[in-house]
Amino acid sequence: MRHVGLTGAALGMLLALGACATPPAGTPPTAAADPQDSCGPQVVVFVNAGDLFGSPPRRSGPPSAAELEAELERENAALERLQIAFDALLYCRWTEVRVIRAETPPAALPARLQEAQRRMQRDLDQAERTRAAITARAARIDQSVEAVAPGTRAALAARRAADAALPRAVASAPVPLRVRPEADAPIVGRLIAGAEVSLRPAAGGFAYADGGPALRGYAPGNAFTLQPAATPAATGASRLRSLAATNIARRDAFAQSLELAGRPGAGGFEPAT
């Protein structure tokens, strides 16, 4: 099958990230990429990125504030790697469907789309298992943070309730902006990879991206990496709370990405009408 998705350089960077992530002791080695899956390399990187969350944090006793800070820094870096890998995989799946639509004879199109949808559902099932592992692991971390810095849970809950700003995101690859939330709508602009925008959900798995006066339009929501809210540098209990807030924001971003990816019509698998 033809490979689709990220450029060779970007894919190489993601594979290197996956190789640098050390899975917990006893974790079985990840299978090689499926040669029949055009997004197989992205699948491997994503699975590797989720390996860390397969077991609870290892501690011999209640952690100190310094130990918790170091643990949260590792968790936050792992969550960032996971988000990048998930976004790259979703973008590859989205591109795969468009290649199938462009190159497949009409008689064979429904079967090819169904096959691609099965692969996408397998990815979403894996992501849901990873999200559940993150939630279980985070519960232990949150409890430890509250013990070391009492009041953190309430403070962060209040902060989340007060934060009504639109989410910020970065384009995972060059992204065309369209006049309507439709794959074949006219292009009104283009974002370069790494461009920062605000996102507002739209129909059909699209989002309204706002990158400035000349960079506004609709694009697939899974073409972006959501960014956690910025947190000020701090020390002591404030630094611990800052790291905990970043941890929550990154967990929320991954959960939101998973929810958006699972919406009907988000992947473009439906037969053309």
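**View A. Tyr218 is partly exposed, at 22% relative accessibility.** Here buried denotes a relative accessible area under 20%, exposed one over 50%, and partly exposed the range in between (1.4 Å probe, protein chains only). The model is predicted: local features require pLDDT of at least 70 and side-chain atom pairs count only at pLDDT 80 or more, whereas totals for chains, interfaces and linings use all residues. Residues are numbered from 1 along each chain as its sequence is written, and side-chain values rest on heavy atoms, with hydrogens and water left out.

View B. Rings of Phe, Tyr and Trp (its six-membered ring) pair if their centres lie within 6.5 Å; planes under 30 degrees apart are stacked, over 60 edge-to-face, and the rest tilted. The count comes to five aromatic pairs. The ring centres of Tyr91 and Trp94 lie 5.4 Å apart with their planes at 35°, so this pair is tilted. Tyr91 and Trp94 are three residues apart in helix α3, a separation of about one helical turn. Helices (DSSP runs of H or I, at least four residues) and strands (runs of E, at least two) are numbered from the N terminus. Both Tyr91 and Trp94 are buried. Tyr208 and Tyr218 form an edge-to-face pair, at 5.3 Å centre to centre and 65° between the planes. This pair links distant parts of the chain, Tyr208 in strand β5 (residues 206-210) and Tyr218 in strand β6 (residues 216-220), 10 residues apart. Tyr208 is partly exposed, at 24% relative accessibility.

**View C. Cys39 and Cys92 form a disulfide.** A disulfide is a covalent bond between the sulfur atoms of two cysteines; it is assigned to a pair of cysteine sulfur atoms within 2.5 Å. The structure has one disulfide by this rule. In Cys39 and Cys92 the sulfur atoms are 2.1 Å apart. The torsion about their S-S bond is about -95°, so the disulfide of Cys39 and Cys92 is left-handed. The bond links distant parts of the chain: Cys39 lies in the loop between α1 (8-20) and α2 (40-49), and Cys92 in helix α3, 53 residues away. Cys39 and Cys92 are both buried.

**View D. Glu69 and Arg239 meet in a salt bridge through their side chains.** A salt bridge is a side-chain nitrogen of Lys or Arg within 4 Å of a carboxyl oxygen of Asp or Glu. Between Glu69 and Arg239 the N to O distance is 3.5 Å. The pair joins distant parts of the chain, with Glu69 in helix α3 (residues 65-103) and Arg239 in helix α6 (residues 236-261), 170 residues apart. Glu69 is buried, at 14% relative accessibility, whereas Arg239 is partly exposed, at 26%. The structure holds 16 salt bridges.

**View E. A network of salt bridges links Asp37, Arg93, Glu96, Glu115, Arg119, Arg122 and Asp123.** Side chains of opposite charge can pair when their charged atoms come close. Glu115 is partly exposed, at 30% relative accessibility, and Arg119 is buried, at 8%. Asp123 forms a salt bridge with Arg122, their closest N and O atoms being 3.8 Å apart. Asp123 is buried, with a relative accessible area of 3%, while Arg122 is partly exposed, at 37%.

**View F. Phe46, Leu82, Phe86 and Phe254 touch the most other members of the largest nonpolar core, which has 21 residues.** A nonpolar core is a set of buried Ala, Val, Leu, Ile, Met, Phe, Trp, Tyr and Cys residues joined through side-chain atoms within 4.5 Å. Helices α2, α3, α4 and α6 each supply at least two residues of this core, and α3 gives the most, with eight. A second, separate core of 18 residues includes Ala171, Ala173, Ala219 and Leu226.

**View G. Phe46 lies in helix α2, where it is among the buried residues.** Eight of the 10 residues of α2 are buried, so this helix is largely enclosed by the rest of the structure. Apart from its neighbours within four places in sequence, Phe46 is in contact with Leu82, Ala85, Phe86, Leu89, Asp123, Gln126, Ala127 and Phe254, contact meaning heavy atoms within 4.5 Å. Ring pairs link Phe46, Phe86 and Phe254 into a cluster.
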